[in-house]
Amino acid sequence: MPEGLFSNIKSLSEEERLQRECDCLNAQPGNLKGIHCPKCNDKGVVYTVKEGHCVGRQCDCLVQRENAARIERSGLSKVIKRYTFESYKTDELWQAKIKDAAQKFIQQEGAWFYIGGQSGCGKTHICTAIANHFLNQNQTVKYMLWRDEAIRILANGTNDDRRQELISPLKNVDVLYIDDFFKHRNGDRPSEAETNLAFEILNYRYINRMTTIISSELTVRDIINIDEALGGRIYDMAYPSYLLSVAKDVKKNYRLRSEK
C-alpha cells in the first residue's frame with residue numbers, strides 16, 4: 001500500500017472509516033433487473049453507519065421492483081399504463097355510471113364486479129383500472145383471457161395433476177380478473193367441459209368470498225341460461241351495485257370510431 005494512502009486511512013476518525021466502508025459497499029454493482037436504482041446500485045441493500053457499525057438496510061426500490069414484478073405476473077403489463085381510471089372516458093351517462101360503480105367497488109372486500117354487453121365499450125379498460133388498484137394495494141392479481149386459458153387447461157384432458165397445477169393459481173389468487181368470459185365466435189355456447197371448468201373456479205372463489213372481476217359480451221341473464229348455478233353465483237356476488245350491463249349498440253363501440 002502506498003505510504004501516503006496508508007497515512008490518510010490512519011488519520012481518519014472511526015466514523016469516517018466506517019462511512020468510507022459503507023461508500024465502498026454501496027458502490028458495488030448488484031444484479032437486480034427491471035429498474036436502475038442509484039442508491040443501492042441495483043443490490044437492494046443500502047449501507048449506512050449506525051451505532052458504530054456499517055449496517056445494511058433494504059432499499060426503497062424493492063417496493064417498486066415488487067410492484068413491477070406483480071404487474072408482470074398479473075399478465076397486464078402491456079395495457080396497465082393505458083387503461084386507468086383517469087383515461088376512462090365519461091362523455092356519456094352510462095360511462096359515468098360504470099366508472100362510479102368501479103370506483104366504489106375497489107373499496108369493497110371480497111365482492112365481485114361483472115360487466116357484460118356491447119363489444120368495444122370499454123369493459124376491458126375499466127376492469128384493468130380496477131385490477132391496477134388492487135396491484136397497488138400489494139395484492140396478487142391474475143389476468144385470465146378466458147378462451148385462451150380455458151383451451152390450455154382443457155387440453156390436458158385426464159391429466160388431473162397438470163390440470164390442478166393450472167387451475168390452482170386461478171382459484172387462490174387474491175384478485176382474479178377474467179376477460180371475455182365465455183367468448184366464442186359466432187355466438188356458440190360453451191361446451192359442457194368449459195362450463196364445468198368455469199364453475200370449478202368461480203364456485204371456489206364464491207365459497208371463499210374472493211375478489212373477482214369479470215368482463216363478457218354476455219349478460220348475467222345469458223350466463224344463467226347457460227348454467228343457472230354458475231350465473232346465480234355471479235349474480236349473488238355482484239348484485240346490485242356491481243352487476244353492470246351495456247345494451248347492444250354499435251355506437252358504443254369505441255374501436256369503430258375514427259377518432260382515437
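Helix α10, spanning residues 228–238, lies across strands β3, β6 and β7 in this predicted model. The helix runs at about 115° to β3.

The strands it crosses belong to an open sheet of five strands, ordered β4-β5-β6-β3-β7, with parallel pairing. At the edges stand β4 (141–145) and β7 (243–246); each has a single partner strand, so one side of each is left without a neighbour in the sheet. On average, and with direction ignored, neighbouring strands of the sheet are turned by 10° against each other.

Within the sheet, β3 (residues 112–117) and β6 (residues 212–216) run parallel and are joined by five bridges. F113 has I213 of β6 as its bridge partner.

A further element of the fold is the packing of two helices, α7 (residues 160–172) and α8 (residues 192–207). Their axes are 9 Å apart and meet at an angle of about 40°. That angle makes α7 oblique to α8, because angles under 35 degrees count as roughly parallel and those from 65 to 115 as roughly perpendicular. The crossing of α7 past α8 is right-handed.

On the α7 side, the contact is made by R163, Q164, I167, L170, K171 and N172. On the α8 side, L197, E200, I201, Y204 and R205 take part. Sorted by class, this contact between α7 and α8 has five nonpolar, two polar and four charged residues.

Methods:
Residues are numbered from 1 along each chain as its sequence is written. This is a predicted model: local features need pLDDT of at least 70, side-chain atom pairs count only at pLDDT 80 or more; totals for chains, interfaces and linings use all residues. Side-chain values use heavy atoms; hydrogens and water are left out. Axes are lines fitted to C-alpha atoms, for helices over the stretch in contact, and angles run from 0 to 180 degrees between N-to-C directions. Helices (H or I, at least four residues) and strands (E, at least two) are DSSP runs, numbered from the N terminus. Angles under 35 degrees count as roughly parallel, over 145 as roughly antiparallel, 65 to 115 as roughly perpendicular and the rest as oblique. A crossing is left-handed if the near helix is turned anticlockwise from the far one by less than a right angle, and right-handed if clockwise. Contact means heavy atoms within 4.5 Å. Ala, Val, Leu, Ile, Met, Phe, Trp, Tyr, Cys and Pro count as nonpolar, Asp, Glu, Lys and Arg as charged, and the others, Gly among them, as polar. Two strands pair if DSSP finds at least two bridges between them.
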